Amino acid sequence: MPVVPVYDAVILAGGRSSRLGGSPKALLHTGGRTLLETTLDAVAGARRVAVVGPGSLLPLLEDASRETVLVREEPVFGGPAAAVAAGLEALPASGDWTLVLACDMPRIASAAGVLLDAAGSDDSDGDSTLLALDADGRSQPLAGLYRTADLRQAVLGHAPGGLTNMSMKALLARVQWRGVDVPPMSTADVDTWADARILGVSTEGTALTASSSEAKEH
């Protein structure tokens, strides 16, 4: 049976939500919970959590039963690589593993469980970062269990400000990783209102509806 490793978590929750008209993804609802709360549930076993997002999210963190901090990337809206760097900096004594998740994947809990089990399995080499692979074999850097030292080295390899608007794939160019197949649709994210309907996400706790045939995965 896999032994779940000790890990910290970084949750990215501060994007512009441009294709949602600026509605914060973290505050959308699914199953009576916000997407941020759903993502926090997915990292329930984390030792410490850093949420990267605006101050308006703070009330959602006050009920958390573990050490959770709220930080902001510099510059604001500086992109995912800058946000990951801010989260890591907030966890200065991080352990061997850091689970990085975007908060816009309402079914991410099952993928997170698979990644943690993979790290704790007998087959794990213990040296590689693990990235979720969707049903089409595409890697998802914002659903990854990272070797903390490797991720930190990748961040420190850039000058201050150099991470602004950098993609995760560019950040990870020198990070050794392997893919782990995760359940179908577990990394599907909400970029548009059509995605929201497909995934049962809404602004007021009443899910919009759509045909499952419209579903896409990221």
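The report moves from the overall make-up to single elements and residues.

This is a predicted model, in which local features need pLDDT of at least 70 and side-chain atom pairs count only at pLDDT 80 or more, while totals for chains, interfaces and linings use all residues. Residues are numbered from 1 along each chain as its sequence is written, and side-chain values use heavy atoms, with hydrogens and water left out.

The protein has seven helices and nine strands, where helices (H or I, at least four residues) and strands (E, at least two) are DSSP runs numbered from the N terminus. Of its 218 residues, 50% are buried; buried means under 20% relative accessible area, exposed over 50%, and partly exposed in between, with a 1.4 Å probe and protein chains only. Contact means heavy atoms within 4.5 Å, and of the contacts with a separation of 6 or more, 69% join residues 24 or more positions apart.

Helix α1 (residues 35–42) is largely enclosed by the rest of the structure, because seven of its eight residues are buried. Those buried residues are L35, L36, E37, T38, T39, L40 and A42.

In helix α5 (residues 148–156), the buried residues are T148, L151, A154 and V155. Seen down the axis of α5, they fall within an arc of 130 degrees and so line one face of the helix, the arc being that of the directions from the helix axis to the C-beta atoms. The face turned away from that buried side carries the exposed residues A149, Q153 and L156. The cover over the buried residues of α5 includes α3 (80–89), β6 (97–102), β8 (139–147) and α6 (168–171).

Within β6 lies V100, which counts as buried at 1% relative accessibility. Leaving aside neighbours within four places in sequence, V100 is in contact with V10, V84, L142, A143, G144, Y146 and L151. In helix α3, by comparison, stands E89, which counts as exposed at 65% relative accessibility.

The largest pocket holds about 920 Å³ of space. On a 1 Å grid over the protein atoms alone, a pocket is an open set of points where a 1.4 Å probe fits, with protein on both sides within 12 Å along at least five of seven lines, and lining residues have an atom within 4 Å of a point. Grid points are joined across faces, edges and corners, and the volume is the space filled by probe spheres set on the points. The lining has 36 residues, of which G15, K25, P80, D104 and L142 lie nearest the centre of the pocket. The elements α3, β8 and α6 each supply at least two lining residues, and β8 gives the most, with four.

Two arginines have a charged end over a ring, as tabulated here; for this, NZ of Lys or CZ of Arg must be within 6 Å of the ring centre and within 35 degrees of the ring normal.

| Charged residue | Ring | Distance from ring centre |
|---|---|---|
| R72 | F77 | 5.1 Å |
| R147 | W97 | 4.4 Å |

Most residues other than glycine have a negative phi, and most peptide bonds are trans. A cis peptide bond, with omega about -5 degrees, joins E74 and P75. P75 is found in the loop between β5 (67–71) and α3, and F77 also has its place in the loop between β5 and α3. F77, although not a glycine, has a positive phi of about 65 degrees, and it is partly exposed, with a relative accessible area of 33%.
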